[in-house]
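Please read them with the structure open.

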Amino acid sequence: MLKIFNTLTKMKEKFFFSYKKIINIYVCGVTTYDFCHIGHARTFLIFDMLIRYLQNIGYVTNYVRNITDIDDKIINRAINNNESVKNFSLRMISEMKKDFFSLGLLEPNYEPKVTESITDIISIIKKLINNKYAYIEKNGDVLFSIKNCSKYGKLSRRLINIHDKKNTDFKKNNVFIKDFVLWKNFLLKKQTDKKDSVFWDSPWGLGRPGWHIECSAIHQRYCLDGVDIHGGGIDLLFPHHENELAQSCCINSDFPIHFWMHTGMVILNNKKVSKSLNNFITIRSLLLKYHPEVIRYYFLSTHYRHPLYYNENNLIISQKILNRIYTVISDNYLILLTDVLDFKDKKIRNNFKKKFYNAMNDDFNTPKVCSLLYDLSRYINMIYKNNRILARALVSDLIYFGNILGLLKTNPEKFLFQNPSIYSKKMNFINKLIKLRMYYRDIKKWELADKIRNKLLNLGVKIQDTKNNSIYRFL
Ligand SMILES: [Zn+2]
C-alpha cells in the first residue's frame with residue numbers, strides 16, 4: 001500500500017482513499033515574472049511523477065495548479081520593460097508553458113490565473129471578515145487575524161506559542177506582527193502614481209489580493225470535496241502554506257486538506273536556487289544541453305524530500321545511464337514477445353516488479369527505482385544471449401516501469417542519436433554512413449551517395465539535402 005510522508009503529521013501515512021474517488025491534487029504554481037528555473041523543474045517533475053504513479057495504480061486524478069499572474073515583482077518588471085502588466089504576464093505564462101511542455105510535464109486539469117479568480121477571492125475575504133478572522137487596517141488593507149485562528153502554526157509548527165497568553169513578543173503597536181495581508185488597498189500605496197498598476201474594485205476599495213489568499217480561493221473552487229494532496233517546494237511551507245491552511249480552515253472548517261507534501265530545495269553554489277536571490281539556471285538553458293528525460297532521471301535520482309545539490313557531473317552521469325538503458329532497449333525491443341515464459345523466468349520478472357512497487361509505495365522512493373532501472377538493464381544485457389525470451393519480457397517491463405516515471409518514452413534510436421557523447425555501436429555506424437555519403441556527394445559519385453541514402457532509409461534515418469548541407473531525421 002502506498003505511504004506518503006505528510007508534513008502536517010511528520011509521519012509516513014497510508015494513502016487510504018477509495019479507487020472510486022477522484023484524487024484532488026493542488027500544487028502551488030509559478031509567479032510569472034521571469035523564465036522558470038531548475039527549482040521549478042524539480043518541484044513540478046516530482047508532482048508529475050506522483051500523478052503518473054497514482055494513475056498507474058488505478059486512481060483518477062484532478063490536478064490543479066495556480067498561476068500567480070499579479071504581484072509586485074510582475075508589475076515592476078513590466079514597468080522596467082516598458083510593457084503593459086497584462087502583456088508581460090501573458091508572455092511569461094506562454095514561456096513557462098513552453099518550458100513545461102519541453103520537459104514533458106503533464107498539463108494540469110485546471111490552471112487558473114489569479115486575475116481570473118478575483119470574485120472568489122473577494123467573496124472568501126468577506127466571509128473571513130464576517131467571522132472575525134480578518135479585519136480592516138487603518139491603511140485600508142485587509143489583514144488575517146492570527147490570534148483568532150486556533151489552528152495557526154499547526155503545519156509548520158513555528159508559531160505554535162502565539163496562542164500562549166504569556167507570550168507578548170508577537171504584538172507590536174497593537175498589531176499582531178504576523179497578521180498577513182488578504183487585500184492590499186491600492187489608493188494608499190506607492191503604486192498610485194504608476195500608470196501600469198493593476199487593481200480591482202472591492203468592498204474595501206480599489207486594490208488587489210495578497211499572495212496567500214489566491215491558493216485558498218482556487219483550491220476551494222476546483223477541489224470541491226477537499227484537497228487530497230497539497231504540494232509545493234519546502235520554501236513555501238512557511239509562511240505561504242501555513243497561511244493558506246489557516247485561511248482555508250477559517251473559511252470552511254469542514255474543508256479537508258489531507259496530505260501536505262513538500263519537495264526539497266535545489267542548492268546551487270551553496271545557496272538555495274531562487275530567482276529573487278539571482279541564483280538560478282533556467283530550464284531552457286538546461287534543455288539546450290540535455291534531453292528532457294536526462295533532466296527527469298537526474299531529479300528523480302534524489303529523493304524528493306531531500307535537498308538536491310546541483311552538480312552538472314551528475315547530469316552527465318544520468319545521461320550515461322540512460323544511454324546504457326536505451327542501448328539495451330534498442331538491441332532488444334523490436335522483437336515481439338510471442339514466447340511463453342517458464343516458472344523460473346516468471347519469478348525473476350515478478351521479483352523486479354515487486355521491487356519497483358515496493359520502492360514507489362514507500363513515499364515515492366525514486367532513487368531506488370532509478371537504480372532498479374539501471375540494474376534491470378544490466379541484467380537484460382547479461383542474460384540476453386542465453387535467454388532471449390526472458391530478455392524481451394524484461395525489456396517490456398523496463399519500458400513499462402520507466403514510463404510510469406515519465407521516462408523511456410523516446411524512440412531509443414532517436415534518444416541515442418541525440419546524445420552524441422556516447423554513441424551506441426549502431427549510432428556510430430549511422431554516423432559513419434552519413435559522413436561517407438557526404439564524401440561521395442562532394443566528389444560527385446551520385447550513385448554511391450544514393451545507395452547510402454537508401455541504406456540509411458532502411459535504418460530509419462531520412463536525409464534531406466539543403467543547398468550547403470544535409471539534415472537528417474528519424475522516421
Ligand atoms: Zn500556494
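Predicted model: local features only at pLDDT ≥ 70, side-chain atom pairs only at ≥ 80, totals over all residues.

1. The chain holds 15 helices and 17 strands. Of its 475 residues, 52% count as buried. Among the contacts with a separation of 6 or more, 74% are between residues 24 or more positions apart.

2. The zinc site. Which residues coordinate the zinc ion? The donors are Cys28 through SG, Cys215 through SG and His240 through NE2, at 2.0 to 2.1 Å. Along the sequence these donor residues follow the spacing C-x186-C-x24-H. Cys28 and His240 lie 212 residues apart and link distant parts of the chain. Cys28 sits in the loop between β3 (22-27) and α1, while His240 belongs to helix α6 (residues 237-251).

3. Are Cys28 and His240 buried or exposed? The cut-off for buried is under 20% relative accessible area. Cys28 has a relative accessible area of 4% and is therefore buried. His240 has 1%, so His240 is buried as well.

4. Helices α1 and α10. The axes of α1 (residues 38-56) and α10 (residues 343-361) come within 12 Å of each other and cross at roughly 125°. Angles of 65 to 115 degrees would count as roughly perpendicular and those over 145 as roughly antiparallel, so α1 and α10 are oblique to each other. The crossing of α1 with α10 is left-handed. On the α1 side the contact is made by Met49, Tyr53 and Asn56; on the α10 side it is made by Phe356, Tyr357, Met360 and Asn361. Sorted by class, the contact of α1 with α10 has 5 nonpolar and 2 polar residues, and no charged ones.

5. Helices α4 and α5. Here α4 (residues 118-130) packs on α5 (residues 211-222) at an angle of about 105°, with the axes 9 Å apart. That angle makes α4 roughly perpendicular to α5. From α4, the residues Asp120, Ile121, Ile124, Ile125 and Leu128 meet Ile213, Glu214, Ser216, Ala217 and Arg221 of α5. The contact of α4 with α5 comprises 6 nonpolar, 1 polar and 3 charged residues.

6. Phe415. This residue is located in helix α13 (residues 412-418). With a relative accessible area of 0%, Phe415 is buried. Setting aside neighbours within four places in sequence, Phe415 is in contact with His291, Glu293, Val294, Leu322, Asn323, Tyr326 and Thr410.

7. Asn381. Helix α11 (residues 366-383) contains Asn381. Its relative accessibility is 34%, so Asn381 counts as partly exposed. Beyond neighbours within four places in sequence, Asn381 is in contact with Arg324 and Val328. Asn381 and Ile329 are 52 residues apart in sequence, and their C-alpha atoms are 9.5 Å apart in space.

How values were computed. Residues numbered from 1 in each chain as written. Heavy atoms only, no water. Axes fitted to C-alpha atoms, helices over the stretch in contact; angles between N-to-C directions. Helix = DSSP H or I, 4+ residues; strand = E, 2+ residues; numbered from the N terminus. Parallel < 35°, antiparallel > 145°, perpendicular 65-115°, else oblique. Left-handed = near helix turned anticlockwise from the far one by under 90°. Contact = heavy atoms within 4.5 Å. Nonpolar A, V, L, I, M, F, W, Y, C, P; charged D, E, K, R; others polar. Donors = N, O, S within 2.8 Å, 3.2 Å for Na, K, Ca; no water. Buried < 20%, exposed > 50% of the residue type's maximum accessible area, 1.4 Å probe, protein only.
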